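Please open the model in your viewer and keep the sequence panel at hand.

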Amino acid sequence: MTLVLSLVMVLGMAVPVLADDTATANSTPASVTVSFEFNDVTFDGDNYDNDKVDSISTTVVTTTDATLYDTVVKALSQLNISESDYVFKTVTDFYDTSKTHKALDSITYQDVTYATDSTHNTANYYLGAGWTYDGSYSNNGFVTSTKYNSYNYLDSNTVTGTSANIKLTYGGYKYSKS
């Protein structure tokens, strides 16, 4: 009886370990530098100015199949920015209204909240401030010319390369209404 119970216990511990190894077999480790740039945005008529306030960054160890959203959330945690100090909003896909995405809406950093602000429209322009991102990646030291598609949301892209850079910038925007 002792032998049977021992075998059951050993097999019970081995199955989760084997399952865990199998689940990550298709992933490759990746090192991602995530940077955040904070700008003070001022509006004057049809224009805006960005004045850099600060920037912070950290390197996240993740895998090549992780979404940029998950990677950014991990970076925020590593930078000791708590979940109560940032907000991702759910937005509808521009091209396919049956899909939704997560978009960075605000971060409170050093007691200042950098939040989406679309209240500065004029007769000719959509003016506001918000978060954008861009980045690039490489595979085993070979840099690709492809950048992450910043027109997609963070949850629409995966880390892809074995090393990567993602830069999130809070700043102003201006789009013509014509």
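A salt bridge is a side-chain nitrogen of Lys or Arg within 4 Å of a carboxyl oxygen of Asp or Glu. By this rule, the count is two salt bridges. The model is predicted, so local features need pLDDT of at least 70 and side-chain atom pairs count only at pLDDT 80 or more, whereas totals for chains, interfaces and linings use all residues. Residues are numbered from 1 along each chain as its sequence is written, and side-chain values use heavy atoms, with hydrogens and water left out.

Select Lys167 and Glu37. Their closest N and O atoms are 3.1 Å apart, forming a salt bridge. Because Lys167 lies in strand β8 (residues 163–176) and Glu37 in strand β1, the pair ties together parts that are 130 residues apart in sequence. Strands are DSSP runs (E, at least two residues), numbered from the N terminus. Lys167 is partly exposed, at 35% relative accessible area, while Glu37 is buried, at 15%. Buried means under 20%, exposed over 50%, and partly exposed in between (1.4 Å probe, protein chains only).

Next, select Asp105 and Lys89, which form a salt bridge at 3.7 Å, N to O. Asp105 in strand β4 (residues 100–109) and Lys89 in strand β3 (residues 86–92) are 16 residues apart. Lys89 is partly exposed, at 31% relative accessibility.

Finally, select Asp40, Asp44, Asp49 and Asp51, which gather in a surface patch of negative charge. Elements giving two or more residues to this patch are β1 (29–44) and β2 (47–63); Asp49 is found in strand β2. Patch residues have over 30% relative accessible area and no salt bridge, with like charges joined within 9 Å.

Terms used
Patch = residues over 30% accessible without salt bridge, like charges linked within 9 Å, V, L, I, M, F, W, Y side chains within 5 Å. Areas by Shrake-Rupley, 256 points an atom, 1.4 Å probe, with all protein chains shown as cover. Lys, Arg positive; Asp, Glu negative; His and termini not counted. Charge placed at Lys NZ, Arg CZ, Asp CG, Glu CD. Helix = DSSP H or I, 4+ residues; strand = E, 2+ residues; numbered from the N terminus.
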